[in-house]
Structures are given as C-alpha cells and as structure tokens.
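These are my notebook entries on a structure that I looked through piece by piece.

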Amino acid sequence: MTPTVARMVAGKMGELTFPLKWFSIPNMYRYEATQRGRLREFWQLNVDIFGCDGFEADMEHLMDAGSDFSLVPSIYEPCGLKQMVSQTYGALPIARATGGITELIVDNENGFLFSDDNELKGAIAKAFALDEKEYLRLCENAIDFAKNNDIPVGPGRGSGAGSLVAYVI
C-alpha cells in the first residue's frame with residue numbers, strides 16, 4: 001500500500017464501500033547489475049485491500065482470476081453476483097438456470113446453463129470438451145458481456161454456499 005492511496009482512502013472514508021480493493025499494475029525497475037546499460041524492467045500487479053483484516057475478501061477474486069470455469073449450482077439466485085464476477089475475469093460460469101442468472105448467461109455463448117441436477121454432468125462435460133479456439137471465443141464473449149453491462153469487480157461475496165471454482169490444467 002502506498003502512502004498516496006492510504007491518504008486518498010482516508011480522505012474519502014465516508015463515500016466508499018468497504019471492503020475496498022485498489023488494483024494497480026505499475027511499471028517497476030529492479031536495480032541489479034546492469035546488462036549493456038539497461039535496468040531490469042517489469043510490471044507488477046498490486047492489490048490493496050482496505051476495510052478487511054484477512055485474506056478472505058480477495059480469495060474469491062484470486063480463484064476466479066486463475067480459473068477456467070466457475071460452477072454455480074444454486075437452487076435460488078436472485079441476482080447472480082458470483083457468475084458476474086467470474087465473467088469479468090473470463091472464468092466461464094456453469095450455472096443452474098434460475099433467477100437472475102438466466103438474464104446474464106446465454107448458454108454456449110458466455111457460459112453454460114443447466115436446469116436440474118440431471119443436466120449438471122452434461123453441462124460440465126460440454127464445458128470441458130471445448131477446443132482451445134471455442135474456449136477462447138466464449139471467454140472473450142464473457143469478458144465483453146461484463147464490460148458492456150458495467151459489471152464491476154466489487155466485493156465479490158457471490159452466492160455463498162454452493163459455489164465451486166474449477167481449475168483445469
């Protein structure tokens with residue numbers, strides 16, 4: 001956390017929603033033995049969290065950012081925050097067609113839908129059977145959907161119990 005960010009957060013304390021996440025990717029330099037007169041330059045992802053004393057607030061975002069798919073088998077889902085955050089990171093949601101989820105996921109376009117437990121296995125198999133070109137197309141669709149609908153990467157509390165993130169290597 002930089003002093004400048006800390007001052008900004010302290011100055012706007014009453015106007016911000018917590019936990020607050022501040023993402024930055026600064027251009028950094030590592031001062032080592034120079035090679036042909038150059039400094040070693042790199043980009044670093046920094047994530048500062050304000051208003052939370054543990055790592056729990058960021059765990060869901062870190063899992064979504066490193067995942068290929070996000071399973072949302074909720075029986076009741078009024079708005080579908082979990083799959084919105086997943087789409088922002090390009091993790092394709094595999095979700096039960098219920099509540100607000102049906103308004104945010106188009107089956108085989110920006111995620112996968114199933115209507116009952118019997119179709120769950122088929123939706124997972126369909127997702128895992130994608131070739132690389134089709135998978136990347138769906139990821140781009142999900143990210144574009146999130147950008148076009150102003151879906152923020154917010155506190156990311158998701159649907160709570162029943163959320164699972166799948167890692168495919």
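I began at the start of helix α5, where a side-chain oxygen of D116 comes to within 3.1 Å of the backbone nitrogen of N118. Helix α5 covers residues 117-128, which is 12 residues, and reaches 18 Å from its first C-alpha to its last, close to the 16 Å expected at 1.5 Å a residue (the expected span is 1.5 Å times one less than the number of residues).

I noted that this is a predicted model, in which local features need pLDDT of at least 70 and side-chain atom pairs count only at pLDDT 80 or more, while totals for chains, interfaces and linings use all residues. Residues are numbered from 1 along each chain as its sequence is written, and side-chain values use heavy atoms, with hydrogens and water left out.

Next I looked up the elements and found 6 helices and 8 strands in the protein (DSSP runs, numbered from the N terminus: helices are H or I with at least four residues, strands E with at least two).

Then I turned to strand β5 (residues 69-72), where F69 and L71 point one way, S70 and V72 point the other way, and all are buried (under 20% relative accessible area, with a 1.4 Å probe and protein chains only). In a regular strand the side chains alternate between the two faces of the sheet. Strand β5 pairs with strand β6 (residues 92-96) in the parallel sense over 4 bridges (pairing needs at least two DSSP bridges), and the bridge partner of F69 in β6 is L92.

Last, I noted that buried residues make up 32% of the 169 residues in the protein.

Conventions:
Polar contact = N/O pair within 3.5 Å; in protein donor to acceptor, adjacent residues only side chain to side chain. Buried < 20%, exposed > 50% of the residue type's maximum accessible area, 1.4 Å probe, protein only.
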